[in-house]
Amino acid sequence: MKNSVHLNTKILGLIGHPLKHSYSPFIHNIAIDLKEIDYIYLPFDIPTSNLKNAVRGMIALGIRGFNVTIPHKENIIQFMSNVSEEASIIGAVNTVVNELGKLSGYNTDVNGILETLNPFKEEIFGNEISIIGAGGASRAVIYTLIRYFKPSKIFLVNRTEQRADSLKNYFQDKMKYNSFKTKELFPPDLVEVFRSSKLIVNATSVGMYPDVDDSITMLADSFAKGQIVFDLVYNPIQTNLLKLASSNGAIALDGLKMLVYQAAKSFELWTSETMPVEQVYKSLQLFLKV
Ligand code: ATR
């Protein structure tokens, strides 16, 4: 790191608990170095019981902005003076900007998802899609796809079907989207669902380090040429799901690009500077030895 700290250095950070395996400090400090701007990005491990104090502290110390991760993405909203439209519909904030003590909340996961999928917009737009998972990550995916890709149908697949049902009801109400079908995550039945989907998104943690041998499905005939499979998991980059998809001719999109692009949007909100995403992406690949 070339960063050095001065009297006027502006502080950025990340709050979450526990803060394991976060690449955000690496990404932002590399971008700060590349842009030669006077900022530093620091991780802060904040348990839930200390969230309120931490937010007060951030304001008192004049911290310019911070990312928010598990478990605070929903709880942080109560401390915001403004919440962007997408963060409000998704119900989660991952980026906070501090303007002289007034905090504004954003959800830049939307930008990460958009930048990853936009090159395939023509193929995806108006088609049937499958989204696996009914947690926080899935909410950002559902919002982005309904808003920007107008799918003809969304198959919402989850291990606990009841959670998929409540998510369906939530988005039907919030976004007036009525073409959901929920399904239990049960591989033999999924082959048909996946085969009819132009895009399949894994928004669960299945396949994530250390359980890298796991996959939503091991059934090769779930995927075919012409399909797009997007796995939000970025550690490892090539998950078993993506390996299976590409070995069947599908286009495999990994979660690393999304990670860099969501960071790029946060960076821009804090610094008004454009993140050099290609260079940051390459540095991250070198760092991860991929
Ligand atoms: P996040 O904010 O990362 O989305 P989350 O809200 O805890 O995290 O949601 C995790 C998602 O991954 C859920 O959809 C969960 O399924 P359940 O609703 O049934 O719990 C899914 N998930 C996690 N581990 C899983 C596993 N081993 N098999 C299948 N689904 C799993």
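## Charges over rings

In this predicted model, the charged end of lysine 10 sits over the ring of tyrosine 39, at 5.3 Å from the ring centre; a charge sits over a ring if NZ of Lys or CZ of Arg is within 6 Å of the ring centre and within 35 degrees of the ring normal. Arginine 139 likewise lies over the face of tyrosine 170, 4.4 Å from the centre of that ring.

## Basis of the values

Residues are numbered from 1 along each chain as its sequence is written, and side-chain values use heavy atoms, with hydrogens and water left out. Local features need pLDDT of at least 70 and side-chain atom pairs count only at pLDDT 80 or more, while totals for chains, interfaces and linings use all residues.

## Ring pairs

Rings of Phe, Tyr and Trp (its six-membered ring) pair if their centres lie within 6.5 Å, with planes under 30 degrees apart counted as stacked, over 60 as edge-to-face and the rest as tilted. By this rule there are 7 aromatic pairs. One of them is the edge-to-face pair of tyrosine 177 and phenylalanine 180, with 5.1 Å from centre to centre and 80 degrees between the planes. Tyrosine 177 is buried at a relative accessible area of 10%, and phenylalanine 180 is buried at 9%, where buried means under 20% relative accessible area, exposed over 50% and partly exposed in between (1.4 Å probe, protein chains only).

Phenylalanine 194 and phenylalanine 223 are stacked, because their planes stand at 20 degrees and their ring centres are 6.0 Å apart. Ring pairs also link Tyr23, Phe26, Tyr234 and Phe287 into a cluster.
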